[in-house]
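Here's a walk through one model, with an eye on its helices, its charged pairs and its surface. Have the viewer open while you read.

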Amino acid sequence: GSVAEILGLGDAKGGENDLLLLDGFFRRSQDFIGAQKQQELTRWGALSSYNLINDNAAKFDELVEAFKTQKSVPECIAILESR
C-alpha cells in the first residue's frame with residue numbers, strides 16, 4: 001500500500017500506521033524473530049512490492065487513474081484482470 005501510494009501519488013499518508021500495524025502482527029507472533037529480522041522482512045516486502053508494481057507499470061498507471069476518478073471496486077478489478 002505505502003509503496004504504491006508513493007509511486008502513484010507521491011505521498012503515503014497511511015504509511016506510518018501500516019508499519020505500526022505490521023509491528024503489532026510481528027509482536028503477536030508465537031515466534032519472536034527479533035528487531036533485525038523484522039526490519040529485514042519489512043524491507044524485503046517493500047522491495048517486492050516495488051518490483052511487482054514496476055513489472056506491471058501499465059496496469060498500475062491505469063489503476064492510479066481509476067482511483068483518482070473514483071472508479072468502483074469492480075471497475076478497478078477489471079483493470080487488474082485485463083490484458
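First, the ground rules. This is a predicted model, so to speak of a local feature takes pLDDT of at least 70 and side-chain atom pairs count only at pLDDT 80 or more, while totals for chains, interfaces and linings use all residues. Numbering runs from 1 along each chain as its sequence is written, and side-chain values use heavy atoms, with hydrogens and water left out.

**Helix H4 and what follows it**

Let's begin with H4, which covers residues 57-68. Helices here are DSSP runs (H or I, at least four residues), numbered from the N terminus. H4 has 12 residues and reaches 16 Å from its first C-alpha to its last, close to the 16 Å expected at 1.5 Å a residue. That expected span is 1.5 Å times one less than the number of residues in the helix.

Which residues of H4 are buried? They are Lys59, Phe60, Leu63, Val64 and Ala66. Buried means under 20% relative accessible area, exposed means over 50%, and partly exposed is in between (1.4 Å probe, protein chains only). Seen down the axis of H4, the buried residues fall within an arc of 160°, so they line one face of the helix. The arc is taken over the directions from the helix axis to the C-beta atoms. As for what covers these buried residues, the list includes helix H1 (2-9), helix H3 (35-55) and helix H5 (73-81), with contact meaning heavy atoms within 4.5 Å.

Just after H4 comes Gln70, with a positive phi of about 55°. Most residues other than glycine have a negative phi, and Gln70 is a residue other than glycine with a positive value. Gln70 sits in the loop between H4 and H5 and counts as exposed, at 72% relative accessibility.

**Two salt bridges**

How many salt bridges are there? The count comes to 2, where a salt bridge is a side-chain nitrogen of Lys or Arg within 4 Å of a carboxyl oxygen of Asp or Glu. Side chains of opposite charge can pair when their charged atoms come close.

One of them joins Arg27 and Asp23, at 2.8 Å from N to O. Both residues lie in helix H2, 4 residues apart, about one turn of the helix. Arg27 is exposed, with a relative accessible area of 62%.

Another links Glu65 to Lys68, with the closest N and O atoms 3.9 Å apart. Glu65 and Lys68 are both in helix H4, 3 residues apart, again about one turn. Glu65 is partly exposed, at a relative accessible area of 44%.

**A nonpolar patch**

Leu7, Leu47 and Tyr50 make a nonpolar surface patch of about 280 Å². Patches take residues with over 30% relative accessible area and no salt bridge; like charges are joined within 9 Å, and nonpolar side chains (Val, Leu, Ile, Met, Phe, Trp, Tyr) within 5 Å. The areas come from the Shrake-Rupley method with a 1.4 Å probe, and for residues only the protein chains shown count as cover. Leu47 is found in helix H3 and is partly exposed, with a relative accessible area of 48%.

**Sequence versus space**

Here are some pairs with their separation along the chain and their C-alpha to C-alpha distance.

| Pair | Apart in sequence | C-alpha to C-alpha |
|---|---|---|
| Asp18 and Leu7 | 11 residues | 16 Å |
| Asn54 and Ala4 | 50 residues | 9.9 Å |
| Asp55 and Thr69 | 14 residues | 24 Å |
| Ser49 and Val64 | 15 residues | 15 Å |

To place some of these residues, Asp18 is in helix H2 (residues 15-28) and is partly exposed, with a relative accessible area of 37%. Asn54 lies in helix H3 and is partly exposed at 45% relative accessibility. Asp55 lies in helix H3 and is exposed, with a relative accessible area of 64%. Ser49 is in helix H3 too, partly exposed at 28% relative accessibility.

Conventions
Helix = DSSP H or I, 4+ residues; strand = E, 2+ residues; numbered from the N terminus.
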